[in-house]
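Have the picture ready and follow along.

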Amino acid sequence: MAKVLDQPRYKCALAAMQTVQAIPGAIPILHSGPGCASKLNDNNGTSGRYSPNIFPCTSISEKEVVFGGSAKLRSTIENALKVIDADLFVVLSGCTGEIIGDDIEEVAGNFSDAEKPVVWAKTPGFKGNNYVGHDWILKSIFEQYFSRDEVIDFYSGKKEKNLVNLFVAPPQQDPYWLGNLRELESLLESIGLKPNTIFGFGRGLENLNKIPIAEFTILVSPWAGLESAKYLEQRFKIPLLQYPVLPIGATETTKFLHAVQEFTGADKALVERVIAEKESEFYYYIERFADTLLETRILGKRFTVVSDSQYAIAVTKFLVNDMGLFPEKIFITDDAPKSSREKISAELNKLNYGITTEVLFTTDGHEIHEQIKNSDFSGTPLILGSNWEKKLAASLGAHFVNVSYPMLEKLVINDHIAGYSGGLHLLEQIFTAAMSKLKL
């Protein structure tokens with residue numbers, strides 16, 4: 001029996017069009033119904049060259065459902081190549097095109113000799129959400145773009161010393177995706193590595209071309225993006241470090257830098273010097289505001305997180321290991337693959353002092369809220385989640401911080417909560433929410 005999805009916290013696989021839009025110079029071509037993209041394209045803009053509302057679409061109608069939409073897709077690609085000054089065109093299929101059996105691989109293959117590269121990826125919503133769609137798109141780009149003769153000639157087995165491919169969260173699904181990515185880039189640069197990313201301002205095809213010549217790939221993710229990262233490892237023999245925790249604050253960021261140093265062979269003395277400097281600065285600010293941070297009248301000791309795997313793990317570790325708080329049940333809402341859930345739970349429970357918590361994987365917002373209502377926080381709760389938790393927090397008198405999608409009442413431009421400084425940014429949000437409730 002079908003299950004109603006109450007309070008959706010992700011979108012269908014076609015929404016991973018935002019992965020394409022986050023690559024400067026790339027543009028998606030959608031083989032879908034006219035309403036799909038307009039409903040999916042609802043947050044955080046693009047990489048900057050194009051409006052988020054610029055995406056060629058076949059707008060499949062009843063005619064195409066009956067007679068097939070391949071011809072319309074072919075003409076849409078032809079016209080897009082004529083009128084849009086893009087560097088890379090990525091054809092994506094929605095549910096309707098897949099159901100009626102249109103072969104986007106065959107159609108896109110007709111443009112193999114086009115002046116600009118045209119690749120394709122099947123992203124029907126009935127096969128998954130935009131977390132897996134992100135992975136499908138990246139793998140398709142890596143498979144097809146790197147099969148072009150001029151790209152093969154470029155890399156031809158060579159490697160660039162200290163060049164590291166870096167991937168984090170699906171662009172735009174995570175409101176802090178770009179700020180977090182830039183902060184992790186900065187950390188890698190500080191220890192002598194050269195991060196190579198393809199998303200956001202100043203990146204794009206120039207960096208995409210360098211992916212095969214990187215010495216290493218680092219994926220900071222519990223599971224999303226793993227298939228495409230492993231593809232790079234297998235095809236181009238690029239060693240892969242999957243670090244399952246987005247590092248927030250001093251404890252986890254130091255662990256991250258140690259793991260990167262050990263994996264890449266970066267200068268150990270330099271890494272230790274950077275860690276010492278960053279930790280000193282982090283704890284300087286903590287000590288300055290220790291009286292506020294330790295005041296239980298402002299903030300209680302128990303919290304819950306309602307978010308995707310990335311933030312459920314990262315926020316829990318930060319609040320326990322750096323701030324000494326205690327987790328109630330943690331809710332993971334990204335429909336993580338069943339094969340990954342045991343590892344995700346185990347990683348989340350690697351907490352200081354043997355602290356553990358129950359982890360529930362669910363997409364049912366009603367169930368989540370009912371369980372939170374019945375939890376004993378022994379004081380004012382702290383709830384970190386999406387905009388769906390705001391009303392719940394108000395009804396419980398809880399402190400609320402919006403850290404994940406949907407984020408409807410907060411604008412994130414280039415802010416971040418990753419790294420040493422990101423932990424301080426998150427503390428600012430938490431204590432701002434708590435102090436706003438103080439009665440003067």
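Over how many bridges do strand 6 and strand 7 pair, and in which sense?

## Before we start

This is a predicted model, where local features need pLDDT of at least 70, side-chain atom pairs count only at pLDDT 80 or more, and totals for chains, interfaces and linings use all residues. Residues are numbered from 1 along each chain as its sequence is written, and side-chain values use heavy atoms, with hydrogens and water left out.

Helices (H or I, at least four residues) and strands (E, at least two) are DSSP runs, numbered from the N terminus. Two strands pair if DSSP finds at least two bridges between them.

## Around strand 6

Back to the question: strand 6 and strand 7 (residues 240–243) pair in the parallel sense over 4 bridges. Val-220 has Tyr-243 of strand 7 as its bridge partner. Strand 4 (residues 160–167) also runs parallel to strand 6, joined by 5 bridges, and here Glu-160 stands opposite Ala-214.

How enclosed is strand 6 (residues 214–220)? Of its 7 residues, 6 are buried, so strand 6 is largely enclosed by the rest of the structure. Buried means under 20% relative accessible area, using a 1.4 Å probe and protein chains only.

Now look at the open sheet of 3 strands, with order 1-2-3 and parallel pairing. Its edge strands, strand 1 (26–31) and strand 3 (118–122), each pair on one side only. On average, neighbouring strands here are turned by 25 degrees against each other, direction ignored.

Strand 1 pairs with strand 2 (residues 88–93) in the parallel sense over 6 bridges; His-31 has Ser-93 as its bridge partner in strand 2. Helix 7 (residues 130–145) lies across strand 2 and strand 3, and runs at about 145 degrees to strand 3. Axes are lines fitted to C-alpha atoms, for helices over the stretch in contact, and angles run from 0 to 180 degrees between N-to-C directions.

## Two helices crossing

The axes of helix 9 (residues 177–190) and helix 12 (residues 249–264) come within 11 Å and cross at roughly 55 degrees. These two helices are therefore oblique to each other: angles under 35 degrees count as roughly parallel, over 145 as roughly antiparallel, 65 to 115 as roughly perpendicular and the rest as oblique.

Who makes the contact (heavy atoms within 4.5 Å)?

Technical notes:
Contact means heavy atoms within 4.5 Å. Buried means under 20% relative accessible area, exposed over 50%, partly exposed in between (1.4 Å probe, protein chains only).
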